[in-house]
Amino acid sequence: MVAKPHKTQDASRRTQDEKPRLIAFEVTRRCRYYCKHCRANAGPQGGEELTTQQCKKIIASIAKFAKPILILTGGEPMERPDLYEIIEYAKEKGLRVVMATCGYFLDDNSLTKLKKAGVSALSFSIDGATAETHDHFRDTTGAFDTVIKAMEMARKAKMSFQINTTIHKQNAGEIIGIAELAKRLGAICFNTFMLVPTGR
């Protein structure tokens, strides 16, 4: 008789550790910006996207398998008219929901609704310490001022947020300036990413 291997505590812990802690869900390809590094190749025209029920089905599958932090991203997630419904559903399923946003739809009302629906934190991208660098990378004049204003409103609403920066040749010399900006604006975290040649 061959003895069955005993499932040790280490094996159990290893299985648990293999489950994802973060899942980024690109809920739309619609966005007013045309960022040079966008992996989703998002833009104003968007593209074919999942229905509300299809999104819920995916969220239910995630929640059944694990309980990671769910990052709603895109494109611009707030381009979806059913966004609050999706957030509420994810929260009901026991997921912690955060959202990556460009900030152009944020105001006091939308921030209140996001918090009520279940968003616990936001992430904003700053790709330059100046409007000139950031707007060039985002291919949109005014993008820098918009995201700065959105972060100031988030801070006032006591919504935690982090700042993400994609490092590339044009902004490599501005990283310290961006970090100082993140500190001044009250970001809880400053993440840097190396540019990955994918998407756009």
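1. Strands β5 and β6 are paired in parallel through six bridges. Within this pairing, Ile167 lies opposite Met194 of β6. The model is a predicted one, and the remarks below should be read accordingly.

2. On its pairing with β4, β5 also runs parallel, with five bridges joining the two strands. Here Ser125 has Asn164 in β5 as its bridge partner. Strand β5 is largely enclosed by the rest of the structure, because six of its eight residues are buried.

3. These strands belong to an open sheet of six, ordered β1-β2-β3-β4-β5-β6, with parallel pairing. From one strand to the next, the twist averages 25 degrees. Elsewhere in the sheet, four bridges connect β2 with β3 (residues 96–100), again in the parallel sense. Ile71 is placed opposite Val98 of β3.

4. Helix α2 comprises 14 residues, 52–65, and reaches 20 Å between its first and last C-alpha, close to the 20 Å expected at 1.5 Å a residue. Which residues of α2 are buried? They are Thr52, Cys55, Lys56, Ile59, Ile62 and Ala63. Viewed down the axis of α2, these buried residues fall within an arc of 120 degrees, and they therefore line one face of the helix. Gln53, Lys57, Lys64 and Phe65 are exposed on the other side of α2. The packing partners of the buried residues are β1 (22–26), β2 (69–73) and α3 (83–92).

5. Helix α6 (residues 143–156) can be checked in a similar manner. Its 14 residues should span 20 Å at 1.5 Å a residue, and the end C-alpha atoms are 20 Å apart, so the two values agree. Its buried residues are Ala143, Phe144, Val147, Ile148, Ala150, Met151, Met153 and Ala154. The elements that cover them include α4 (108–117), β4 (119–125), α5 (131–138), β5 (160–167) and α7 (175–185).

6. Helix α6 contributes Phe144, Ile148, Met151, Glu152 and Arg155 to the contact, while α7 supplies Leu181, Arg184 and Leu185. Of the residues in this contact, five are nonpolar, three are charged and none is polar.

7. Most residues other than glycine have a negative phi, and most peptide bonds are trans. The bond between Gly74 and Gly75 is cis, with omega about 20 degrees. Gly75 is situated in the loop between β2 and α3.

8. Asp139, although not a glycine, has a positive phi of about 55 degrees. This residue is in the loop between α5 and α6. Is Asp139 buried, partly exposed or exposed? With a relative accessible area of 48%, Asp139 is partly exposed.

9. Lys158 is likewise not a glycine, yet its phi is positive, at about 60 degrees. The residue comes just after α6, in the loop between α6 and β5.

How values were computed:
Residues numbered from 1 in each chain as written. Predicted model: local features only at pLDDT ≥ 70, side-chain atom pairs only at ≥ 80, totals over all residues. Heavy atoms only, no water. Expected span 1.5 Å × (residues − 1). Buried < 20%, exposed > 50% of the residue type's maximum accessible area, 1.4 Å probe, protein only. Arc of directions from axis to C-beta. Contact = heavy atoms within 4.5 Å. Pairing = 2+ DSSP bridges. Axes fitted to C-alpha atoms, helices over the stretch in contact; angles between N-to-C directions. Nonpolar A, V, L, I, M, F, W, Y, C, P; charged D, E, K, R; others polar.
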